[in-house]
Amino acid sequence: SPLFQIDKVLRLLRDEAEDLIEFTEQSDEFLLALSRADSMAYSANFAGGSGKPTPPAVYIEKSKKEVIEMQRIAKSLTGLL
């Protein structure tokens with residue numbers, strides 16, 4: 001992921017946040033959304049196995065929704081600095 005180790009940056013920024021608790025909670029949500037987006041994008045690469053395979057487009061769409069959520073959270077985090 002291009003955001004590899006973003007958690008370290010978020011920890012550094014935590015000290016500058018106006019509301020430490022809210023920033024920490026939002027950071028956790030951001031990292032969870034990142035994990036889900038990465039997982040769905042990874043799954044899209046291997047979709048189409050035996051049985052009734054799920055088309056890759058389904059996983060890509062799920063990943064896209066998580067990226068949109070990450071963008072929303074990132075804007076919120078920026079507002080807390």
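Gln5 is partly exposed, with a relative accessible area of 38%; on this scale, buried means under 20% relative accessible area, exposed means over 50%, and partly exposed lies in between, using a 1.4 Å probe and protein chains only. Gln5 sits in the segment before H1. Its backbone also deserves a look, for phi of Gln5 is near 65 degrees, a positive value in a residue other than glycine.

A word on how to read these values. The model is a predicted one, in which local features need pLDDT of at least 70 and side-chain atom pairs count only at pLDDT 80 or more, while totals for chains, interfaces and linings use all residues. Residues are numbered from 1 along each chain as its sequence is written, and side-chain values use heavy atoms, with hydrogens and water left out.

The chain has three helices and zero strands, where helices (H or I, at least four residues) and strands (E, at least two) are DSSP runs numbered from the N terminus. Read from the N terminus on, the elements run α-α-α. Along its principal axes, the C-alpha trace spans about 50 × 20 × 15 Å. The radius of gyration of the chain is 15 Å, whereas a compact globule of 81 residues would have a value near 12 Å; this radius is taken over C-alpha atoms, and the globule rule is 2.2 Å times the number of residues to the power 0.38.

Of the 81 residues, 21% count as buried. The accessible surface of the chain comes to about 5800 Å², and 57% of this surface belongs to carbon and sulfur atoms; accessible areas come from the Shrake-Rupley method with a 1.4 Å probe, and for residues only the protein chains shown count as cover. The chain carries 10 positive and 13 negative charges, whose mean positions are 11 Å apart. In this count Lys and Arg are positive and Asp and Glu negative, with His and the chain ends not counted, and each charge is placed at NZ of Lys, CZ of Arg, CG of Asp or CD of Glu. Among contacts (heavy atoms within 4.5 Å) with a separation of 6 or more, residues 24 or more positions apart account for 65%.

The interior comes next. In soluble globular proteins, nonpolar side chains tend to be buried together. In this chain the largest nonpolar core has 11 residues: Leu10, Ala17, Phe23, Phe30, Ala33, Leu34, Ala37, Met70, Ile73, Leu77 and Leu80. The elements that give two or more residues to this core are H2 and helix H3 (56-79), and the largest share, five residues, comes from H2. A nonpolar core here is a set of buried Ala, Val, Leu, Ile, Met, Phe, Trp, Tyr and Cys residues joined through side-chain atoms within 4.5 Å.

Phe30 lies in helix H2 and counts as buried because its relative accessibility is 8%. Leaving aside neighbours within four places in sequence, Phe30 is in contact with Leu3, Ile6, Leu10, Met70, Ile73, Ala74 and Leu77. Leu34, under the same exclusion of neighbours within four places, is in contact with Ser1, Leu3, Ile6 and Met70. Leu10 belongs to helix H1 (residues 6-14) and is buried, with 10% relative accessibility. Beyond residues up to four places away in sequence, Leu10 touches Phe23, Ser27, Phe30, Leu31 and Leu77.

Gln26 has its place in helix H2 (residues 20-46). This residue counts as buried because its relative accessible area is 14%. Apart from neighbours within four places in sequence, Gln26 is in contact with Ile73, Ser76, Leu77 and Leu80. Glu25, also placed in helix H2, is partly exposed at 44% relative accessibility. The C-alpha atoms of Glu25 and Leu77 are 9.8 Å apart in space, although 52 residues separate the two in sequence.

Leu13 and Leu77 are 64 residues apart in sequence and 9.6 Å apart in space, C-alpha to C-alpha. Leu13 is partly exposed, with a relative accessible area of 25%. Setting aside neighbours within four places in sequence, Leu13 is in contact with Phe23 and Leu81.
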